Every structure is written in C-alpha cells, then in structure tokens.
Amino acid sequence: MARKPWGEAVQNREEQFGVKRAAVLNTAARLIRRRGYENVSLGDIADELHIAKPTVYYYFKNKDEIVLELMAIALESFLNPHAHPGDYPLAPSLTGAQRLERFIRRGVRIVADDVGSSLVTTPSQFLENDTRLKFDVEGQPVREMGEKIIQGGVRDGSLAPCDVQATYLFLIGALRYLPVWYGGQTPDATVVADALVNLVLRGIAR
C-alpha cells in the first residue's frame, strides 16, 4: 500500500486544491451578498483572500463559473433529503400543507446564508446567456417539487384550491426578496420562516 508523503500531517495536493477552491467560493458569495454581483470582480476576491488575481483564475475562469458552482451547492442543500432532514419537504406521511411549510423553511434557511443570498440577488442580465439557461434548467427540480407539493395539498384538502403556478411564483418571489428586505444582514432564519409560513398558510391552508 502506497504511503502518503508526510503521512497525515499535511494535506495532499488534491485536498489543498479543494480547500482553496472552497475559500474562493465562500469569499465570492460573501462579497456578492454585500456588494452585488456587478460590483465584485475576481480581483476583489483575490484582494479579500490576500492572493494574486491570477491565482483565482487557477480555480475559476470567470464569475459565471463561480455562480454556477454556488448554484450547485444551493441545489444540493435543497434537494438532498439527508441535509437537514427536519425540513425535508418530501418526507413520508405529511399533508400537502405540512410539506409546503417545510419547503418554505428550507428555502428560507438556504437564502439566509451567503451562498443562497448571493444567488438570489444576482440579476440575470449580468450573466452570460449560457449561464442563464443553465440556471433555469438546474433550478427546474425545485420548481417541480414546489408545484407538486401545492397540487398535492389541494388534492388532500389541507390547502384551499388556488392557482398553483401563481402561488409558487409568489412564494419564490418572497424568498428571493428576503436579502433585500434585510439590507444584506443575516436574518434569524427561524423567525423569518415562521413569518413567511404564517403569511402563506394563512392565505391558502384549511
């Protein structure tokens, strides 16, 4: 069995690459959240990390590539049943209303952190056409989940009859606007989720 140089005392090259790449992503998300996508450059990210700008290019060739990676992280967090199982919407034996509540709470939790907030505050006009298309395609499973939950709640009687698409778009619009409401600050996700659940379910729950 091949031995790792330096044993376990020093990370190997692949591990170091992963750690540094994650640092670039986290820094980019934080800066985009604070300043806005259009006001953050790869040079700004490099300055924040105290590294040379060409070093950032070693991990990402442009900001669109960073945003797509942040999108992948957010989607994994939302769709993975093992990530925060307490708010996974498709757990068995739940009514549609209960699933919708979990969908909202999960959405608020993700949007409240740097990764989610940086994504929902990035105007699509600043992204390349291919990136915008990938955004729409990659985000489709979340939309399908949300609309199916609302449809299921109407069928099982836990939600009042409603326009499924309009209800979903209202909900997603509220989630996207949370960072603006809180002025770039990090809100208490539980308090925000409670308020949004109350607002939505008061309108359509039975």
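At what angle do helix 8 and helix 9 pack, and how far apart are their axes? I started my notebook with that one.

**Ground rules.** I am working on a predicted model, where local features need pLDDT of at least 70 and side-chain atom pairs count only at pLDDT 80 or more, while totals for chains, interfaces and linings use all residues. Residues are numbered from 1 along each chain as its sequence is written, and side-chain values use heavy atoms, with hydrogens and water left out.

**Entry 1, helices 8 and 9.** I found that helix 8 and helix 9 (residues 189-204) pack at an angle of about 160°, their axes 12 Å apart. Axes here are lines fitted to C-alpha atoms, for helices over the stretch in contact, and angles run from 0 to 180 degrees between N-to-C directions. Helix 8 and helix 9 are therefore roughly antiparallel; the cut-offs are under 35 degrees for roughly parallel, over 145 for roughly antiparallel, 65 to 115 for roughly perpendicular, and oblique for the rest. On the helix 8 side I listed T167, F170, L171, A174, L175 and L178, which meet V192, L196, L199, V200 and I204 of helix 9; contact means heavy atoms within 4.5 Å. I sorted these contact residues into 10 nonpolar, 1 polar and no charged. For that sorting, Ala, Val, Leu, Ile, Met, Phe, Trp, Tyr, Cys and Pro count as nonpolar, Asp, Glu, Lys and Arg as charged, and the others, Gly among them, as polar.

I counted 9 helices and 0 strands in the protein chain (DSSP runs numbered from the N terminus: helices are H or I with at least four residues, strands E with at least two). The C-alpha trace spans about 60 × 45 × 30 Å along its principal axes.

Next I looked at helix 7 and helix 8, whose axes come within 9 Å and cross at roughly 125°. That makes helix 7 oblique to helix 8. The crossing of this pair is right-handed. Helix 7 brings V142, R143, G146, E147, I150 and Q151 to the contact, and helix 8 brings V164, Q165, T167, Y168 and L169. I get 5 nonpolar, 4 polar and 2 charged residues there.

The axes of helix 4 (residues 63-79) and helix 5 (residues 96-111) come within 10 Å and cross at roughly 150°. Helix 4 and helix 5 are therefore roughly antiparallel to each other. A74, S77, F78 and L79 of helix 4 make the contact with F103, R106, G107, R109 and I110 of helix 5.

Which residues lie nearest the centre of the largest pocket? I noted M71, V120, G139, I172 and R176, out of 27 lining residues. Helix 7 gives the largest share of the lining, with 7 residues. The lining divides into 16 nonpolar, 7 polar and 4 charged residues. For the method, a pocket is an open set of points on a 1 Å grid over the protein atoms alone where a 1.4 Å probe fits, with protein on both sides within 12 Å along at least five of seven lines, and lining residues have an atom within 4 Å of a point.

Methods. A crossing is left-handed if the near helix is turned anticlockwise from the far one by less than a right angle, and right-handed if clockwise.
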